[in-house]
Amino acid sequence: MSKLLKLAIFLLLIAACKDRPNKQEETRTNQSEAEKSEWIYLFDGTSLDGWRGYNMDSLPPGWTIKDSTLTFDTELGLEQNYTGGKDILYGTEEFDNFELYLEWKIPAGGNSGIFYHVKEGYDGPPEVAPEYQLIDDENYANIHDLTGYNSQFGAEHPELLQDWQKTGADYAMHPADESQKQLNPVGEWNSTKIVFTPEKVEHWLNGKKLLEFVPWSEDWKAKKSSGKWDNAPDYGKYKKGYIALQDHSSPIWFRNIKIKKL
């Protein structure tokens with residue numbers, strides 16, 4: 001074989017090797033785009049399409065977009081002589097197994113929640129749907145009197161916010177692991193992730209997993225029948241439903257609300 005031929009083959013091999021990383025990069029790019037396309041945006045900062053009040057055809061007063069955030073404005077909510085509920089849901093589609101991600105912030109003494117597997121026809125989402133609790137852990141009990149409410153559940157210190165009432169808890173069912181909680185101060189953004197499958201439910205806050213449980217297990221049923229939901233026969237029974245957000249008479253801000261089907 002001539003030296004010229006050997007050189008030509010050598011150069012072709014080098015060219016082939018140089019081309020290979022580009023193909024790998026293309027594969028990674030395609031995978032990344034596929035992952036992005038799996039997310040369904042429920043709120044992207046520009047539109048309230050799909051959102052309406054619970055048991056309603058339109059949004060109740062107070063819910064609006066401000067600075068690209070989904071906001072409950074208490075002043076707007078009080079402008080009208082409106083007496084109905086103000087919880088809202090994304091009514092375009094129901095979800096069963098999912099990963100839900102959103103960002104939120106609340107003011108001092110603020111309180112809200114995220115519901116899933118919501119069904120309509122009840123007085124409100126709490127009667128039927130599990131809730132990821134959002135609240136001002138630090139200041140809420142100093143601003144609001146909890147004694148009367150918590151006394152009915154036999155709390156040792158009813159004046160205090162109970163562990164099942166704190167941010168990240170599966171409200172009135174499973175408390176969050178306080179050792180893993182990194183809750184930002186009021187007025188600062190937090191991120192929440194909820195993962196639901198029939199095998200396991202996970203609550204995350206700011207990148208840390210706070211709890212997990214098995215839905216409809218014997219342990220789950222025991223907790224349901226021994227606490228707040230003992231007289232709520234339909235609580236948690238549905239395996240598919242809407243995503244909803246709670247108005248608790250305080251300002252609340254949400255952004256980047258998206259869901260991925262599992």
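Let me start with Asn190, which is found in strand β9, residues 190-196. Strands here are DSSP runs of E of at least two residues, and helices are runs of H or I of at least four residues, numbered from the N terminus.

Before going on, the ground rules. This is a predicted model, so local features need pLDDT of at least 70, side-chain atom pairs count only at pLDDT 80 or more, and totals for chains, interfaces and linings use all residues. Residues are numbered from 1 along each chain as its sequence is written, and side-chain values use heavy atoms, with hydrogens and water left out.

Back to Asn190. Is Asn190 buried or exposed? Asn190 counts as buried, because its relative accessibility is 3%; buried means under 20% relative accessible area, exposed over 50%, and partly exposed in between, with a 1.4 Å probe and protein chains only. Its side chain reaches the backbone oxygen of Glu188 at 3.3 Å, and it makes a polar contact with the side chain of Asn206 at 3.0 Å. A polar contact is a pair of N or O atoms within 3.5 Å; within protein, one must be able to donate a hydrogen and the other to accept it, and residues adjacent in sequence count only if both atoms are side-chain atoms.

Next, backbone angles. Most residues other than glycine have a negative phi. His117, in strand β7, residues 111-118, has a positive phi of about 55°. His117 is buried, at 2% relative accessible area. Ala172 has a positive phi of about 65° and sits in the loop between α4 (147-151) and β9. With 13% relative accessibility, Ala172 also counts as buried.

Ala172 takes us to the second largest pocket, whose lining includes Ala172, Met173 and His174. A pocket is an open set of points on a 1 Å grid over the protein atoms alone, where a 1.4 Å probe fits, with protein on both sides within 12 Å along at least five of seven lines; lining residues have an atom within 4 Å of a point. About 210 Å³ of space lies in this second largest pocket.

And the largest pocket? Its volume is about 290 Å³, where volume is the space filled by probe spheres set on the points, joined across faces, edges and corners. The lining has 16 residues, with Asn111, Gln133, Tyr149, Tyr171 and His248 nearest the centre. Strand β8, residues 131-135, gives the most to that lining, with 3 residues.
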